[in-house]
Amino acid sequence: MFQNRIMEKIANYINGEMVAPISNTYIDNFNPSIGAVYSLIPDSDEKDIDLATKAAQAAFPLWSKTPKEKRARVLQKLAYLIEANLDRFAEAESRDNGKPLSLAKRVDIPRAAANFNFYATGVLHYASEAHQMEDIAINYTTREPIGVCGCISPWNLPLYLFSWKIAPALAIGNTVVAKPSEVTPYTAFLLSELCIEAGLPKGVLNIVHGLGHKVGAAITKHPDIPVISFTGGTVTGAEIARTAGPMFKKLSLELGGKNPNIIFDDCDFENALSTTMHSSFANQGQICLCGSRIFVQRGIYEKFRDAFVEKTQELIVGNPFDADSNLGAVVSQSHMEKVLSYVALAKEEGGTVLTGGHQVKLEGEQENGWYLAPTIIEGLSFDCRTNQEEIFGPVVTIMPFDTVEEVLYMANSTKYGLASTVWTQDITKAHNVAAQLHSGIVWVNTWLLRDLRTPFGGVKASGVGREGGFNAFEFFTEPKNICIKL
Ligand code: TXE
């Protein structure tokens with residue numbers, strides 16, 4: 001039924017206008033819940049990036065000199081318009097990514113609006129510092145916007161992560177050339193239309209759709225884009241760093257994770273169990289912050305494992321548009337196959353699949369959709385590949401431990417260091433364990449509770465730099481120290 005339908009063509013947003021790619025060629029855009037093409041996205045290339053960069057450069061002088069109150073007002077108007085279009089955006093996000101509509105409505109789209117509001121108001125309070133040298137001299141530090149910022153974002157939380165980058169960059173006075181993932185371009189396309197409605201001056205934000213190795217790479221290597229902010233896979237992050245490094249570009253990399261979820265005997269059992277359901281399988285496990293390695297202290301290991309398996313088997317994998325679906329479809333056929341390959345690897349490495357581990361075939365219109373059963377695997381060693389590599393799907397491993405030293409050693413054993421979760425009612429133990437975990441974020445007795453003012457990011461192969469709060473303004477500005485002799 002899709003063959004004869006006229007496919008909607010998404011447009012680029014360059015210099016304030018919705019435009020076709022110069023190549024006038026397009027790429028299929030899939031709806032994961034039915035496994036079929038439902039729209040087309042521009043197959044842009046470096047010529048489109050050049051056009052967008054020129055527009056962003058032309059807009060920079062005026063935008064960077066626009067009073068911050070005025071910049072804030074435009075971004076708050078954008079936030080308001082996103083909220084006013086919540087249902088339309090949530091449906092678009094769910095259709096594009098495969099996530100439950102309920103999740104897009106509750107998390108993705110409200111958080112995108114919050115990102116714009118947060119940075120629009122934050123810029124009004126952002127100040128720099130002065131250092132007085134008694135009566136000898138006064139130093140003051142200015143923090144200036146840099147110019148054209150390249151923002152490249154992934155498919156797991158499309159508008160949430162796209163706006164998390166462009167909001168601070170724009171609020172502080174930069175202009176932006178942005179590339180959403182070609183896997184989930186639609187809400188960025190809808191945002192373009194709201195930018196026009198909100199009165200964002202032309203060229204301030206430019207959104208160019210297309211493939212990573214063409215459009216993303218063109219942004220990374222463009223000589224007139226001195227700042228790159230990237231969220232995505234560690235492999236791609238390394239590729240971007242190889243290009244941007246020798247060009248001395250400012251670089252922010254938010255990459256993958258293989259996050260430990262550590263559950264001690266003395267935890268609040270019911271809270272740990274119910275939250276672990278989310279930290280394991282929310283967004284089909286496609287969140288870089290998911291707790292994919294679960295360590296349970298031996299005293300409660302079997303009780304927790306059995307309760308966890310039982311609750312997991314109650315989860316409903318279904319049409320993302322059904323209100324009672326807990327899990328929707330994973331984002332693409334290739335990603336589904338990648339996740340299933342890790343289940344096969346786990347079995348080879350000696351693991352036992354306690355539940356899940358297979359594709360879920362739905363009926364009707366969803367019969368060709370890409371659905372996976374939430375999966376729990378036990379019996380693996382902490383240092384096997386399944387426990388060292390990011391799977392990024394609804395797959396977790398569960399392992400017992402005895403002592404704090406042992407679990408810290410296992411938790412810190414991967415090349416990643418993004419987020420950890422700790423469950424204990426012993427506050428001294430909580431502080432002690434949190435201090436020794438190699439990760440940028442530690443949650444104690446909770447998960448994904450986010451204060452946007454806090455530094456967000458990881459260590460080791462989870463990335464470089466921090467987003468969030470004034471950390472984002474520090475990244476998207478250049479400090480200058482001016483010392484005046486008195
Ligand atoms: O990310 P990519 P993908 C992890 C997860 C996933 C893996 C790959 O394990 O399986 O990364 O996912 C653009 N130069 N995460 O393929 O390739 C690309 O077009 C410049 C964790 O989606 O990193 C997209 O816009 N840009 C992550 C963006 O980079 C390039 C969330 C991300 O794509 C490029 C998503 C290049 N050479 C995946 N190649 C998290 N930390 O949340 C691709 N891109």
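A search of the whole structure, which is a predicted model, finds 17 aromatic pairs. Rings of Phe, Tyr and Trp (its six-membered ring) count as a pair if their centres lie within 6.5 Å; planes under 30 degrees apart are called stacked, those over 60 edge-to-face, and the rest tilted. Helices (H or I, at least four residues) and strands (E, at least two) are DSSP runs, numbered from the N terminus.

The ligand is surrounded by 27 residues, each with a heavy atom within 4 Å of it; the closest are W155, E182, L255, K338 and E390. By class, this shell has 10 nonpolar, 11 polar and six charged residues. Here Ala, Val, Leu, Ile, Met, Phe, Trp, Tyr, Cys and Pro count as nonpolar, Asp, Glu, Lys and Arg as charged, and the others, Gly among them, as polar. The largest share of the shell, four residues, comes from α7.

A polar side-chain atom of W155 lies 2.2 Å from an oxygen atom of the ligand, and a polar side-chain atom of T236 lies 3.1 Å from a ligand oxygen atom.

Residues are numbered from 1 along each chain as its sequence is written, and side-chain values use heavy atoms, without hydrogens and water. Local features need pLDDT of at least 70 and side-chain atom pairs count only at pLDDT 80 or more, whereas totals for chains, interfaces and linings use all residues.

Key
A polar contact is a pair of N or O atoms within 3.5 Å; within protein, one must be able to donate a hydrogen and the other to accept it, and residues adjacent in sequence count only if both atoms are side-chain atoms.
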